[in-house]
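Subject: Structure for your review

Dear colleague,

Please find the structure below, together with its sequence. My findings follow it.

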Amino acid sequence: MWTCSLCDRTFRQQNQHHYCGDRTIGHFLNGRSEKALALFDQLIEKISDIGPVKLHATKSMLVISADVGFAYVIQMGKEFIDVVLPFETPYEDNLCFRKIGKVPGSNDFNHHLRIMSADDFNAEVCSYLAKAYANGKAV
Ligand SMILES: [Zn+2]
């Protein structure tokens, strides 16, 4: 086992490539299944293809931001990760979201995405990630 001294995450391989954030993120991610962590790292990689991202953790979720938060990892199961993308328009016409819910007290609709395998990062999901990323840029 190897523990990254910067983010406190533990890995099987020495110097394993990973998203390296601060310790709060390490604490959020430690103890998660290998599959969930792999999906998480793929998610960050996909979004990093669009532009630079920052991450921080709250007690219950990970916030992914450009200038402001635009995507939230709200749950990490053994076999999946749940990601929420808020949009001002409900995109009902889609194949990827499990559920769309109005956020109380705001104009946003939360779009719930469950990622279960690397194949789930398809063109549709990537286009919504890009849309969400654009919302994360300060105007
Ligand atoms: Zn690290």
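Which residue of β6 does Val-73 stand opposite? Val-73 stands opposite Val-83.

This is a predicted model, in which local features need pLDDT of at least 70 and side-chain atom pairs count only at pLDDT 80 or more, while totals for chains, interfaces and linings use all residues. Residues are numbered from 1 along each chain as its sequence is written, and side-chain values use heavy atoms, with hydrogens and water left out.

Confidence

The average pLDDT (the predictor's confidence in each residue, from 0 to 100) is 92 for the protein, and 99% of the residues score at least 70. Strand β2 (residues 10-11) has the lowest confidence, at a mean of 81, whereas β8 has the highest, at 98. Helices (H or I, at least four residues) and strands (E, at least two) are DSSP runs, numbered from the N terminus.

The sheet

Six strands form an open sheet in the order β3-β4-β5-β6-β8-β7, with antiparallel pairing. The edges are β3 (54-57) and β7, each of which has a single partner strand, so one side of each is left without a neighbour in the sheet. On average, neighbouring strands of this sheet are turned by 25° against each other, direction ignored; axes are lines fitted to C-alpha atoms, for helices over the stretch in contact, and angles run from 0 to 180 degrees between N-to-C directions. Two strands pair if DSSP finds at least two bridges between them.

The strand pairs are as follows.

- β3 and β4 are antiparallel and share four bridges; His-56 stands opposite Val-63 in β4.
- β4 (residues 62-65) and β5 (residues 69-76) are likewise joined by four bridges in the antiparallel sense. Ala-71 in β5 is the bridge partner of Ile-64, and the hairpin of β4 and β5 has three residues between them.
- β5 and β6 (residues 81-87) run antiparallel and are joined by four bridges, with a hairpin of four residues joining β5 to β6.
- β7 (residues 97-102) and β8 (residues 109-115) run antiparallel, with five bridges between them. Lys-102 stands opposite Phe-109 in β8. The hairpin of β7 and β8 has six residues between the strands, and Gly-105 there takes a positive phi near 75°.

The helices

Helix α2 (residues 34-50) packs against helix α3 (residues 123-135) at an angle of about 60°, and their axes are 10 Å apart. That makes α2 oblique to α3, because angles under 35 degrees count as roughly parallel, over 145 as roughly antiparallel, 65 to 115 as roughly perpendicular and the rest as oblique. The crossing of α2 and α3 is right-handed, a term used if the near helix is turned clockwise from the far one by less than a right angle.

Contact (heavy atoms within 4.5 Å) is made by Leu-43, Lys-46, Ile-47 and Ile-50 of α2 with Cys-126, Leu-129, Ala-130 and Tyr-133 of α3. These residues divide into seven nonpolar, no polar and one charged; Ala, Val, Leu, Ile, Met, Phe, Trp, Tyr, Cys and Pro count as nonpolar, Asp, Glu, Lys and Arg as charged, and the others, Gly among them, as polar.

Both helices also meet the sheet. α2 lies across β3, β4, β5, β6 and β8, and runs at about 170° to β5. α3 touches β5, β6, β7 and β8, and the direction of α3 makes about 55° with that of β6.

A loop residue

Tyr-19 lies in the loop between β2 and α1 (23-29). Leaving aside residues up to four places away in sequence, Tyr-19 touches Arg-9, Ile-25, Asp-41, Ile-44, Val-53, Lys-54 and Leu-55. The C-alpha atoms of Tyr-19 and Cys-7 are separated by 9.0 Å, and these residues are 12 residues apart along the chain.
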